[in-house]
Amino acid sequence: MNIHPDTPAWQALAAHYNSIKDSTLADLFAADPQRAKKFSLEFEDLLLDFSKNRITAETMRLLFRLAEESSLRQSIDAMFSGQCINETEGRAVLHTALRNRSNQPVYVNGQDVMPAVKAVLQRMSAFAERVRAGAWTGYTGKPIRNIVNIGIGGSDLGPRMASEALKPFSLPGMRVFYVSNIDSFHLADTLSGLSPEETLFVIASKTFTTQETMTNARSARQWLLTAFASKEAIARHCVAVSTNSEAVAAFGIEAENMFEFWDWVGGRYSLCSAIGLPLLLQIGPDHFLAMLEGFHAMDQHFRSAKLEQNLPVILALLGIWYNNFFEAQTQAILPYNQSLQRFPAYLQQVDMESNGKSVSKSGQRITWQTGPIVWGEPGSNSQHSFFQLLHQGTKLIPADFIGFCRSQTPLGDHHRKLMANFVAQTEALAFGKSTAAVRAENPGISDSLAAHKTFLGNRPTNTLLADELTPRTLGMLIALYEHKIFTQGVLWQIYSFDQWGVQLGKVLADKVLQDLNEPLSVLPTGHDDSSCAIIQRLKERS
């Protein structure tokens with residue numbers, strides 16, 4: 001076990017773990033015909049069935065006790081009320097204000113931020129309507145048909161994921177692309193075949209200094225200048241999501257086409273801010289507002305529901321149970337919907353950048369395990385890829401299965417077959433197949449082959465099932481995981497809203513770049529022997 005050593009709730013859970021760790025899901029289901037009903041919750045059309053977990057009612061009682069002992073409710077109130085909970089950076093954490101659809105004010109340092117939030121959203125919507133209607137045209141008068149978002153991290157993963165998820169709600173003829181990698185292939189491949197006359201770039205960088213983003217932006221700017229031979233074209237084909245008005249103006253973007261957001265919005269939580277502009281251009285203001293409504297609905301549920309009926313809290317506690325007691329290292333996210341193909345990658349950043357920490361709020365190195373490695377792919381493709389490891393490997397891998405009762409794109413019996421796999425996999429992971437069952441099906445089978453065909457089962461899963469993937473449902477789903485991650489950070493006693501771990505590599509990269517720009521005769525210094533040798537080889541062979 002890998003637990004906090006001091007508190008009574010952790011110790012009670014440790015004792016309980018020792019008494020239950022050898023129980024099987026088959027035994028737990030056999031002992032309680034009402035188990036699925038007891039361990040399921042609904043919010044709107046979203047069902048969470050967590051009955052296929054290695055838990056009992058006592059497990060959940062002790063986990064809820066842990067949440068209470070950790071002052072989770074007070075931490076939730078502190079976040080929503082705009083208190084400075086990101087203490088290492090001296091900031092409030094108010095991504096929830098971006099999707100606040102009530103008429104209630106939200107204060108930061110005594111100032112209501114909602115008027116500014118609403119004003120930016122209105123500007124974004126008005127701009128999107130002009131572009132979508134063809135009233136905003138490019139330099140030569142042609143309407144915009146291609147949106148290219150240039151960003152990285154939170155300025156890319158969120159809107160990219162949502163754009164893919166909500167493709168069925170797109171304006172016909174409007175295409176949205178995302179460029180993030182500083183590798184020139186990413187930009188060159190995206191721009192190949194696009195007409196500059198019909199292309200609008202959204203450059204997303206809070207400071208307008210992010211190395212990867214601005215390198216790509218300057219190359220995109222040159223692409224436009226080559227096509228139009230006029231700097232005036234930049235203002236018709238580029239807009240900015242930033243707070244650095246001087247740098248934006250120097251780039252050639254007009255002030256009214258800069259959409260701002262705030263330092264109390266973390267990048268990985270910024271989809272509902274102006275970072276979502278490419279998505280808004282794609283699906284339109286009405287669908288974007290429906291997504292915000294879904295976010296807000298889950299926000300309110302998380303803030304007000306009892307812990308025992310709180311979906312994000314329950315997901316968080318189950319994650320704690322496996323991470324800290326069963327010592328599971330990873331968490332699989334398995335959406336049975338191809339349009340959610342980027343959802344696991346999106347959650348990788350939200351979870352691993354938030355809770356990949358080894359220092360407690362008190363500044364001490366911690367001795368317990370924190371954030372899991374998050375990974376996954378859509379079903380049913382993933383079944384033919386890594387499910388072998390899930391079913392018969394030596395590692396315990398808790399998995400979330402995410403599915404929908406109806407398809408966005410109905411076609412024959414495709415969806416029925418997809419969902420048959422969705423249900424079957426959680427059943428197989430939970431109950432497996434005994435050696436006796438293998439022998440009954442294969443009379444005379446050898447002991448060795450029977451062992452290979454045996455599935456031990458007892459692999460835990462959550463099932464999340466909604467009616468259909470709509471903008472509102474997507475908002476609820478994202479907020480569900482955001483609040484799960486926040487809850488786990490509270491219980492692990494870490495700060496979930498800073499990301500100091502990304503800074504060191506940036507600083508060192510600047511030094512390496514300086515060395516790469518030196519003449520070949522100037523040998524690199526100030527690095528370890530390996531790094532110096534690699535830098536010199538790059539210079540010699542580039």
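Student: Why are H5 and H20 called oblique to each other?

Tutor: Start with the value: helix H5 (residues 72–80) packs on H20 at an angle of about 125°, with the two axes 10 Å apart. Angles under 35 degrees count as roughly parallel, over 145 as roughly antiparallel, 65 to 115 as roughly perpendicular and the rest as oblique. About 125° belongs to the rest, so H5 and H20 are oblique. This is a predicted model, in which local features need pLDDT of at least 70 and side-chain atom pairs 80 or more, while totals for chains, interfaces and linings use all residues. Residues are numbered from 1 along each chain as its sequence is written, and side-chain values use heavy atoms, leaving out hydrogens and water.

Student: Which residues of H5 and H20 meet?

Tutor: Leu 72, Ser 75, Ile 76, Met 79 and Phe 80 of H5 meet His 483, Phe 486, Thr 487 and Val 490 of H20. Contact here means heavy atoms within 4.5 Å. These residues divide into 6 nonpolar, 3 polar and no charged.

Student: Why is Cys 532 called buried?

Tutor: Buried means under 20% relative accessible area, exposed over 50%, and partly exposed in between (1.4 Å probe, protein chains only). Cys 532 has 15%, so it is buried. This residue is found in helix H22 (residues 529–541), and beyond four places in sequence it touches Pro 524, Thr 525 and His 527.

Student: How do you know whether His 296 is buried or exposed?

Tutor: The relative accessible area of His 296 is 14%, so it counts as buried. His 296 lies in helix H13 (residues 277–304). Leaving aside residues up to four places away in sequence, it touches Arg 99, Asn 100, Arg 101 and Ser 102.

Student: Why does Asn 109 count as exposed?

Tutor: Its relative accessibility is 80%, which is over the 50% limit, so Asn 109 is exposed. Asn 109 sits in the loop between strand E3 (107–108) and strand E4 (111–112).

Student: Why is Glu 44 partly exposed?

Tutor: Glu 44 has 40% relative accessible area, so it falls in the middle class. Glu 44 lies in the loop between strand E1 (40–43) and strand E2 (46–49).

Student: What is the phi of Glu 44?

Tutor: Glu 44 has a positive phi of about 50°, although it is not a glycine. Asn 109 also has a positive phi, near 55°. Most residues other than glycine have a negative phi, and most peptide bonds are trans.

Student: Which residues does a cis peptide bond join?

Tutor: The cis bond joins Gly 379 and Ser 380, with omega about 10°. Ser 380 is in the loop between strand E11 (373–375) and helix H16 (387–392).

Note on methods. Helix = DSSP H or I, 4+ residues; strand = E, 2+ residues; numbered from the N terminus. Axes fitted to C-alpha atoms, helices over the stretch in contact; angles between N-to-C directions. Nonpolar A, V, L, I, M, F, W, Y, C, P; charged D, E, K, R; others polar.
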